[in-house]
Amino acid sequence: MTERTGQAGDGTGGSVPTTPVCYRHRDRETYVRCSRCDRPICPECMREAAVGHQCPDCVSEGRRSVRPARTAFGGGAAGRQGYVTKALIALNVLVMLLSIASDRGGDAAAGGSGFGGLMGGGTPLTQWGGVLGYASYVDFGPAHGIAAGEWYRLVTAMFLHYGLVHLLLNMWALWVLGRTLEAVLGPLRFLALYLIAGLGGNVAVYLFSAPNSTAVGASTAIFGLFAAIFVIMRRLGRDTSAIVPILVINLIFTFTVPGISIAGHLGGLVAGALMALVLAYAPRMRRTAFQAAGGAILLVALLGLALVRTGLLTGG
């Protein structure tokens, strides 16, 4: 304890304790003490506590010793802010703007589908980044596509869209589903779910679609989120009756509306469901390791299927 001392007035010549001073500001007298370490603290150093006041050092130590809040599946509480969902939407919108800008010659408009593909047409950017298995144009250049080494298409395709209507429908679904799942899973786990589902849908397109046809869209990942929210809500013991009709309606549209990639939607649905099962049913002990291992196994399996398809197309 830090205290001032002085000559006693009883004539004995000894010194006795007087008013305590703040341990951080020696020139300030105080009678208030930290409820944790009992050191004197001045008003500037007082920090409100559950009981009394604490000094800045004890408050900092307490913060370090408190474990951060986690979700039911081990994720960070920051997921409640929806940062990843917002970032994914912003990225998709940005790529849409770049896609419009890439159509400088107005080819999409000449084709009757609207400038920059606003009404559903393709652009040079969708041609560059869409899922394309293998296309060979002898008179116009070398073969290209995933089988020709353009593996980036399995990722870029999930951020490209054929027009604004396509984009808006997918972004609305992402906004509704993404915030809920991110809050429950945490940012990193939700991002892993989204990417695995999108990749799974694109790999399915590569496996089951004609090798010279293209496909783009975030709907591969969106269908994975539909499956995931069903799995997650069931794991939490919540009512899923409102989810099933929406999923069924989307599946009906998938099979009945021309131009929709059935393989992409179903592939995303299956991949999202599998990743959600890994995240939701991981044992509490060593949960993070189990979830990471499960995600890695799914990733390797998807890449393995893509390699098999490449071998079939190239004869390797």
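**Exercise 1: Two annotated stretches**

Task: for residues 240-257, find how much of the chain is helix and how far apart the end C-alpha atoms are.

Solution. Residues 240-257 are 78% helix and 0% strand, with 26 Å between the end C-alpha atoms. Helices here are DSSP runs of H or I with at least four residues, strands are runs of E with at least two, and both are numbered from the N terminus. Now take residues 263-282: this stretch is 90% helix and 0% strand, and its end C-alpha atoms lie 28 Å apart. Both ranges are among those that UniProt, in an unreviewed entry, lists as "transmembrane region"; such annotations may be inferred rather than shown by experiment.

Before going on, note that this is a predicted model, where local features need pLDDT of at least 70, side-chain atom pairs count only at pLDDT 80 or more, and totals for chains, interfaces and linings use all residues. Residues are numbered from 1 along each chain as its sequence is written, and side-chain values use heavy atoms, leaving out hydrogens and water.

**Exercise 2: A helix pair**

Task: describe how helix 8 and helix 10 pass each other.

Solution. Start with the axes, which are lines fitted to C-alpha atoms over the stretch in contact, with angles from 0 to 180 degrees between N-to-C directions. Those of helix 8 (residues 219-235) and helix 10 come within 7 Å and cross at roughly 35 degrees.

**Exercise 3: Salt bridges**

Task: how many salt bridges are there, and which side chain pairs with arginine 28?

Solution. Look for a side-chain nitrogen of Lys or Arg within 4 Å of a carboxyl oxygen of Asp or Glu. That rule gives three salt bridges. Arginine 28 pairs with glutamate 44 at 2.6 Å, N to O. Both sit in the loop between strand 2 and strand 3, so the bridge ties together parts 16 residues apart in sequence.

Aspartate 57 and arginine 39 make another, at 3.5 Å. This one links helix 1 (residues 56-65) to the loop between strand 2 and strand 3, 18 residues apart.

Finally, arginine 153 bridges to glutamate 150, with the closest N and O atoms 2.7 Å apart. Arginine 153 is buried (under 20% relative accessible area, with a 1.4 Å probe and protein chains only; over 50% is exposed, in between partly exposed), because its own value is 2%.
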